[in-house]
Amino acid sequence: MPVWNLSEARGRMISEAEVRLQYGDHPTMFCMLLNHGRKFTDFPGRKYVNGKRHYVDLIDIETFCVHDIDDMMVKLGYIDENLHVEMYYHFRRPLCDLDFGLFALASDDDVRHLAKYVGQHKLIEVYTEHG
């Protein structure tokens, strides 16, 4: 059973330094900034426009899987458990832009790739695409 906590990002954005203070002694814990509800603009200069943002706290990369993001999307109302909805997830490699820093987040291998960054970066951005 996941212990993560979902909260709407309102006002001021939380910095990497603030999250690091919270999770500094826990090498496998991180916070996700979940961007959802919209789409990417075209390359080059890609942006994620008019989306919503939620912070997801208390994620442990040792137990995290892509199905956790599905559960988050159910909680946010994007996925009806009785209907099939195509959802695509991507994480942004820390310190990279959206043109060259996006990586798929669809499988256990993708989660292992994400895990490489959690030790040094405690705030990971994830983006969703619908359909």
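Visitor: Which elements do the buried residues of helix 3 pack against?

Guide: In this predicted model, the buried residues of helix 3 (108-118) pack against strand 2, helix 2, strand 6, strand 7 (102-104) and strand 8. Contact here means heavy atoms within 4.5 Å. Helices (H or I, at least four residues) and strands (E, at least two) are DSSP runs, numbered from the N terminus. The model is predicted, so to speak of it with care: local features need pLDDT of at least 70, side-chain atom pairs count only at pLDDT 80 or more, and totals for chains, interfaces and linings use all residues. Residues are numbered from 1 along each chain as its sequence is written, and side-chain values use heavy atoms, with hydrogens and water left out.

Visitor: Which residues of helix 3 are buried, and where do they lie around the helix?

Guide: An α-helix has 3.6 residues a turn, so residues three or four places apart point the same way. In helix 3, the residues D110, V111, L114, Y117 and V118 are buried (under 20% relative accessible area; exposed is over 50%, partly exposed in between; 1.4 Å probe, protein chains only). Viewed down the axis of helix 3, these buried residues fall within an arc of 105°, so they line one face of the helix. The arc is taken from the directions that lead from the helix axis to the C-beta atoms. D108, D109, R112 and K116 are exposed, and they sit on the face of helix 3 turned away from its buried side.

Visitor: What follows helix 2?

Guide: Just after helix 2, G77 takes a positive phi of about 90°. D80 lies in the loop between helix 2 and strand 6, and at 37% relative accessibility D80 counts as partly exposed. D80 and V126 are 46 residues apart in sequence, and their C-alpha atoms are 21 Å apart in space.

Visitor: Which strands pair with strand 8?

Guide: Two strands pair if DSSP finds at least two bridges between them. Strand 2 (residues 29-36) pairs with strand 8 in the parallel sense over five bridges, and L33 has E125 in strand 8 as its bridge partner. Strand 6 (residues 87-92) pairs with strand 8 in the antiparallel sense over six bridges, with Y89 opposite T128.

Visitor: Is strand 8 largely enclosed or open?

Guide: Six of the eight residues of strand 8 (residues 123-130) are buried, so this strand is largely enclosed by the rest of the structure.

Visitor: How many bridges join strand 2 to strand 5?

Guide: Seven bridges join strand 2 to strand 5, and the two run antiparallel. M29 stands opposite D60 in strand 5. Strand 5 also pairs with strand 1, in the antiparallel sense over four bridges, and there N5 has D57 as its bridge partner.
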